[in-house]
Amino acid sequence: MESMEFQRKSVQCATPSGLHRLSYVEWSGPDPSRVLVCVHGLTRAARDFDFLARAMRDRYRVVCPDLPGRGESEWLPSPAEYSGPTYVGDMVTLVARLDVESVDWVGTSLGGMIGMALAALPGSPVRKLVLNDVGPLLTAASLNRIGEYVGRAPVFPSLEAAEQFVRVIAATFGPHSDAQWRFLTEHVVKRDAEGGWRMRYDPAIAETYNARDSSKDMDIWPIYDAVRCPTLVLRGADSDLLTADTAKAMTARGPRARVVEFPGVGHAPTLIAERQIGAVRDFLLS
């Protein structure tokens, strides 16, 4: 799929089970060597970043991948491979395909965790890192809330019904217009052979996600502490995933991130609102 604004491309990636095709959207910019990689959350897709990409393409070549098992990327044969090592490995392959030495990174939720892990590695290509409502301590309650709907979406009789479902499970995204809710729906669903609408991700991602100990927070502080690049943290002021205390601690440890909060938003800011886009742009271009 291509448009006047972007090209849909793909790259072959590997796991122990074999090869899979990773799809990504690329928005051209004035300098091909200046790349912004934007990575979506657990059940979302590359097109989530359309608004941000349009705002940044005057300065960047913007690349937005569909993580494996999501969007237009292929599903993995082994559910156990929907994991951090697979995602980081795929992103290393993607950066190699882009033929650049460094990238700036915007990651929402899971996409931020992947960016954090990549930025923590010696010789990392990540020059600047934006963590969108995610950090090194994720609360068990929020992870369990997300786990309640992952992989359990019904077949919807219409796009309108799918949108109502998205409005419910994504209510924490905060206020959006009707057009914006339709945008947030249409790229994460697809028609099936029977004419119904299904979520555009492999339900098997829920197996790995829900295999964790549901009574414990997820603590990856050692990874965050290893990050050395300039880091911005975006936080929905009502977020249950990234607490205010954790965000504050992130300003004093590791890369000593700068934090920007958005009132009236939970998990996670969608980077559609001008103020949210402006915070990212100001940081990346400073």
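**Contacts, burial and backbone of a predicted model**

Q: What share of the contacts in the protein with a separation of 6 or more joins residues 24 or more positions apart?
A: Such residues account for 73% of these contacts, where contact means heavy atoms within 4.5 Å. This is a predicted model, in which local features need pLDDT of at least 70 and side-chain atom pairs pLDDT 80 or more, while totals for chains, interfaces and linings use all residues. Residues are numbered from 1 along each chain as its sequence is written, and side-chain values use heavy atoms, without hydrogens and water.

Q: How do you know that the radius of gyration agrees with a compact globule?
A: The radius, taken over C-alpha atoms, is set against a rule of 2.2 Å times the number of residues to the power 0.38. For 286 residues a compact globule would have a value near 19 Å, and the protein has 18 Å, so the two agree.

Q: Why is Glu163 called buried?
A: Buried means under 20% relative accessible area, exposed over 50%, and partly exposed in between (1.4 Å probe, protein chains only). Glu163 has 6%, so it counts as buried. Glu163 belongs to helix H5, residues 159-169 (a helix is a DSSP run of H or I, at least four residues; a strand is a run of E, at least two; both are numbered from the N terminus). Leaving out residues up to four places away in sequence, Glu163 touches Asp178, Trp181, Arg182 and Thr185.

Q: Why does Asp99 count as exposed, and why does Ser109 count as buried?
A: Asp99 has 67% relative accessibility and therefore counts as exposed. Ser109 has 12%, so Ser109 counts as buried. Asp99 lies in the loop between H2 and strand S5 (103-108), and Ser109 in the loop between S5 and helix H3 (110-119). Neither is a glycine, yet phi is positive, about 60 degrees for Asp99 and about 55 degrees for Ser109.

Q: What makes a set of residues a nonpolar core, and which members of the largest one touch the most others?
A: The set must be buried Ala, Val, Leu, Ile, Met, Phe, Trp, Tyr and Cys residues joined through side-chain atoms within 4.5 Å. The largest has 61 residues, and Met91, Leu94, Leu98, Trp105, Ile114, Leu129 and Leu131 touch the most other members. Helix H2 (residues 84-98) gives the most to this core, with 6 residues. Another core, of 26 residues, lies apart from it and includes Leu36, Cys64, Ala279 and Val280.
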